[in-house]
Amino acid sequence: MNPALDHGLWPWIAMILFGFLPSEFWRMLSIFLARGVNESSPLLVWVRAVATALLAGVVARLLLTPSGALAAIPLWGRLGAMGVGLGVFALTRKSVFIAVLCAEASLIAVGFYVG
Amino acid sequence: MDWFREGARQALGGPMLIVAASLIGVGGIARDAGFSLEVAVGSTIFIWAGPAQLLFFSAVAAKMAWPAIAVSISLSSVRFVPMCVALLPMLRARRTSALSLIAAAHCISVTTWAEAMRRLPPLPRAARMPFFLGFSAMCLAGTSVSTAVGHALIGQMSRPFAAGLLFLTPIYFVSTLLRAARQPIDWMALVLGLAIAPFAQAWAPEGFDLPVLGAIGGTLAFVAQRLVDARKVER
């Protein structure tokens, strides 16, 4: 544990200063950037595609180089559970709920199998 | 119709449970790093970004230098720029106040963004902002509770279930966005982002892989959609 965290308000100050502000900066900046952007402009269509690809990258990172308990599941288990979820999603005519349920069940089953 | 309440009601159905469950782990990691329950819950309300929170607490636990922590958090949150720029114009009506825009920008996260992309377009313009704020408030409230639960219960959960919680974001995000996809560009951006990710991780400078990946994947999807549209016009 970091000894500095023992003192009164320091944990709050650390979280605000080094966690909240560096992250929130981008959201607040975006308010100005979004001003005057038309909802149907090609620029916005492009920005939306960039955001989607970026978030897909976040997902891929969670799947390929996970941290914590998810790292204990082998790669084939993580990708397999994802495949099961998407397969069920396609078969159930796009039911997010059933897809999540089946993917989770597969992943947890793999966890017990290898654990 | 009270759109704030309607937004909160729709979040209660499922999205809130998913986002709340997926952040239980954050509470546990915060406790491992030596933070109190209050600060863990505070991080959910203030930072409101799962990846940034995980990064913050695990970096503190690893005794990373404070400026380095701030820089890596900031890099992980650059993704909010395209997300906010895409969503805020949808929320804005003639009389939208600056304060509600600030509140809405703060509430944007992976889950609320993906859900808003699906739920907002059919709503009348004036209803969108109160709906989104109600929806997000419910997600924030539920997730605050789950962060506290995670902080209190860490270590008592078996590993496969803990892994299952961390797996919620990937599967939920991909299926929500596929469901929201209306045009080829939507699912192409998703598939390209997933496909490029391993290469971006290997080749892009440390910490910059996501912005690079987003720009390349998003632009390719955009160009592909343009080509599809052009062919439709020719016929």
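Guide: Helix α1 (residues 10-34) of chain A packs with α8(B) at an angle of about 130°, their axes 9 Å apart. That angle makes α1(A) oblique to α8(B). Axes here are lines fitted to C-alpha atoms over the stretch in contact, and angles run from 0 to 180 degrees between N-to-C directions. Under 35 degrees is roughly parallel, over 145 roughly antiparallel, 65 to 115 roughly perpendicular, and the rest oblique. Helices are DSSP runs (H or I, at least four residues), numbered from the N terminus.

The model is predicted: local features need pLDDT of at least 70, side-chain atom pairs count only at pLDDT 80 or more, and totals for chains, interfaces and linings use all residues. Residues are numbered from 1 along each chain as its sequence is written, with chains lettered from A and ligands numbered from 1 in the order in which they are written.

Now the residues. From α1(A) come A:Arg27, A:Met28, A:Ser30 and A:Ile31; in α8(B) they meet B:Leu101, B:Ile102, B:Ala105 and B:His106. Contact means C-beta atoms, placed from the backbone, within 7 Å. These residues divide into five nonpolar, two polar and one charged. Nonpolar covers Ala, Val, Leu, Ile, Met, Phe, Trp, Tyr, Cys and Pro; charged covers Asp, Glu, Lys and Arg; the others, Gly among them, are polar.

Step back to the whole contact. Chain A gives 69 residues and chain B 81. On the chain A side, α2(A) gives the most, with 21 residues. By class, that side has 51 nonpolar, 12 polar and six charged residues.

Technical notes: Helix = DSSP H or I, 4+ residues; strand = E, 2+ residues; numbered from the N terminus. Contact = placed C-beta atoms within 7 Å.
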